[in-house]
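Have the sequence and the 3D view ready.

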Amino acid sequence: MLPSELMKLTLTADLKDQVAVVTGASQGLGRAVAVALAQNGAMTVCLARNAEKLKETVSQIEAAGGKGEALPCDITDRTAAAEALQSVHSKHGRLDILVNNAGITRDKLMRGMSDEEWDSVIATNLTSCFVCCRTAAGLMRRQKYGRIINMASISGMIGNAGQVNYSASKAGMIGMTRTMSKELVSRGVTVNAVAPGFIASEMTAELGDVVLEEVS
């Protein structure tokens with residue numbers, strides 16, 4: 001199932017006057033989420049490293065009648081990620097929704113996985129999520145309202161051969177979400193994780209044979 005098809009199955013919501021940030025919004029599921037939020041009325045700020053692809057996302061948002069902005073950012077840079085969210089709040093006066101979707105794969109069986117392949121996936125998928133959640137939570141607590149959605153994966157629940165780094169990052173995201181939800185719910189901020197199965201996208205198209213055989 002393609003991300004665009006997946007979004008057609010979702011319920012509509014009135015997000016007028018709300019401000020949303022979607023990380024990893026330059027392609028795939030992140031782009032589909034950004035477009036869907038904007039279609040439902042949210043001013044949607046799209047974060048990713050690739051400025052050109054972000055422009056394409058904003059173009060799709062505007063073509064669908066929504067409002068969007070591109071904010072190029074390397075979210076593995078902790079300072080840059082925090083400053084990006086702060087800048088959204090400064091510009092728009094609020095931050096209501098954060099979708100942590102940014103993610104990469106560096107698939108390989110554990111015995112051949114390098115430190116760099118482990119570190120890069122953990123930094124992009126898990127650490128950046130923590131940094132963005134921490135920054136957003138501070139802003140949302142003060143306004144006593146916020147919605148944080150972390151895009152986990154079924155791989156973080158059941159594991160997947162050739163994805164020890166990816167599965168660990170997504171399992172960590174699920175545990176982090178459970179803890180953050182307990183810390184923030186009393187301040188009107190909810191934190192939830194979504195754990196989809198295999199979705200055809202630019203990222204999954206690059207999966208190795210070992211992983212594709214597991215999910216086929």
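At 51% relative accessibility, Glu52 counts as exposed; here buried means under 20% relative accessible area, exposed over 50% and partly exposed in between, with a 1.4 Å probe and protein chains only. Before going further, please note that this is a predicted model, in which local features need pLDDT of at least 70 and side-chain atom pairs count only at pLDDT 80 or more, while totals for chains, interfaces and linings use all residues. Residues are numbered from 1 along each chain as its sequence is written, and side-chain values use heavy atoms, with hydrogens and water left out.

Glu52 has a partner: its side chain meets that of Lys55 in a salt bridge (3.5 Å, N to O). That term stands for a side-chain nitrogen of Lys or Arg within 4 Å of a carboxyl oxygen of Asp or Glu. Lys55 is partly exposed, with a relative accessible area of 48%. Helices (H or I, at least four residues) and strands (E, at least two) are DSSP runs, numbered from the N terminus.

The structure holds 6 salt bridges. Another of them joins the side chains of Arg31 and Glu56 (3.3 Å, N to O). This pair links distant parts of the chain, with Arg31 in helix 2 and Glu56 in helix 3 (residues 51–63), 25 residues apart. Arg31 counts as buried at 11% relative accessibility, whereas Glu56 is partly exposed at 43%.

Next, look at Arg49 and Asp74, whose side chains meet in a salt bridge (3.8 Å, N to O). Arg49 lies in the loop between strand 2 and helix 3, and Asp74 in the loop between strand 3 (67–72) and helix 4 (78–92), so the pair ties together parts that are 25 residues apart in sequence. Arg49 is exposed, with a relative accessible area of 53%; Asp74 is partly exposed at 30%.

Now turn to strand 1 (residues 19–23), where 5 of the 5 residues are buried. In a regular strand the side chains alternate between the two faces of the sheet. Here Val19, Val21 and Thr23 point one way, and Ala20 and Val22 the other.

What joins strand 1 to strand 2 (residues 43–48)? The two run parallel and are joined by 5 bridges; strands pair if DSSP finds at least two bridges between them. Val22 stands opposite Cys46 in strand 2. From strand 1 the chain crosses through helix 2 (residues 28–39) to strand 2, in a right-handed β-α-β crossover: with the strands pointing away from the viewer, the path from the first strand over the helix to the second runs clockwise. Strand 1 also runs parallel to strand 4 (residues 97–100), with 3 bridges, and Val21 stands opposite Leu98 there.
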